[in-house]
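Work through the exercises below with the sequence and the model side by side. Try each task before you read its solution.

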Amino acid sequence: MRSKNIAKTVLTLVSVGVGLTFLTQSSNNQMISAKSSGADIYQQHCATCHGADGKANTARGKRKGATDLTKSNISTAQGIRIITNGRELMPGFKDTLSDTGIKDVMNFIRGFRSN
Ligand code: HEC
């Protein structure tokens with residue numbers, strides 16, 4: 001009787017463990033894909049002006065006067081507004097990207113900053 005209870009307890013602990021491992025793994029995967037989608041969006045929609053390295057050292061970037069994102073120090077909220085609505089010669093992306101896509105690409109370009 002007693003050993004049956006112990007077996008039950010062990011079984012419960014093991015299944016909780018398996019469940020937790022599964023949960024942590026799937027949330028890690030989500031973080032990885034959010035990161036790579038920000039990078040993908042950047043390559044696809046931003047790099048022609050801002051450059052693969054963020055320094056806006058491209059023909060199109062120079063023509064438009066694109067900002068060097070490694071020197072940018074705007075807040076996340078301001079960045080999201082600019083990416084959404086555009087500013088001066090930068091087009092807005094509200095019709096091209098989802099809210100999540102805009103946040104992802106904003107998080108990605110924060111990585112260009114040296115500060
Ligand atoms: C057609 C060229 C072009 C494209 C494409 C473009 N930008 Fe820009 N971006 C600009 C220009 C020009 C400015 C400067 C706007 C100004 O003078 O206020 C700018 C400014 C910014 C700023 C403000 C930086 C600061 O410190 O003021 C951010 C953030 C930014 N761009 C992010 C992006 C992201 C993210 C994408 C892609 C989703 C993107 N840009 C695509 C041309 C572009």
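**Exercise 1. Find what share of the contacts in the protein with a separation of 6 or more comes from residues 24 or more positions apart.**

Step 1: Take a contact to mean heavy atoms within 4.5 Å. Step 2: Among the contacts in the protein with a separation of 6 or more, residues 24 or more positions apart account for 44%. Step 3: Keep in mind that this is a predicted model, in which local features need pLDDT of at least 70 and side-chain atom pairs count only at pLDDT 80 or more, while totals for chains, interfaces and linings use all residues. Residues are numbered from 1 along each chain as its sequence is written, and side-chain values use heavy atoms, with hydrogens and water left out.

**Exercise 2. Describe the secondary structure of the protein and say what percentage of its residues count as buried.**

Step 1: Helices (H or I, at least four residues) and strands (E, at least two) are DSSP runs, numbered from the N terminus. Step 2: On that basis the protein has four helices and zero strands, and its elements run α-α-α-α from the N terminus on. Step 3: Of the 115 residues of the protein, 27% count as buried, where buried means under 20% relative accessible area, exposed over 50%, and partly exposed in between (1.4 Å probe, protein chains only).

**Exercise 3. Work out which residues come nearest to the ligand and which elements give two or more residues to the shell around it.**

Step 2: Now look at the N and O atoms. A nitrogen atom of the ligand is 2.8 Å from an N or O atom in the side chain of His50, while an oxygen atom of the ligand has a polar side-chain atom of Ser72 at 2.7 Å, and a polar side-chain atom of Arg87 lies 2.5 Å from an oxygen atom of the ligand. Step 4: Helix H1 (2-50), helix H2 (59-64), helix H3 (76-85) and helix H4 (99-110) are the elements that give two or more residues to the shell, and H1 gives the most, with four residues.

**Exercise 4. Determine whether Gly61 is buried or exposed, and list its contacts beyond four places in sequence.**

Step 1: Gly61 lies in helix H2. Step 2: With a relative accessible area of 1%, Gly61 is buried. Step 3: When neighbours within four places in sequence are left aside, Gly61 is in contact with Thr48, Cys49, Ala56 and Ala66. Step 4: The C-alpha atoms of Gly61 and Met90, which are 29 residues apart in sequence, are 9.7 Å apart in space.

**Exercise 5. Compare Ala56 and Glu88 by their phi values, their places and their accessibility.**

Step 1: Ala56, a residue other than glycine, has a positive phi near 60 degrees, and Glu88, although not a glycine, has a positive phi of about 50 degrees. Step 2: Ala56 is found in the loop between H1 and H2, whereas Glu88 has its place in the loop between H3 and H4. Step 3: Ala56 counts as buried at 8% relative accessibility, and Glu88 counts as exposed at 78%.

How values were computed
Polar contact = N/O pair within 3.5 Å; in protein donor to acceptor, adjacent residues only side chain to side chain.
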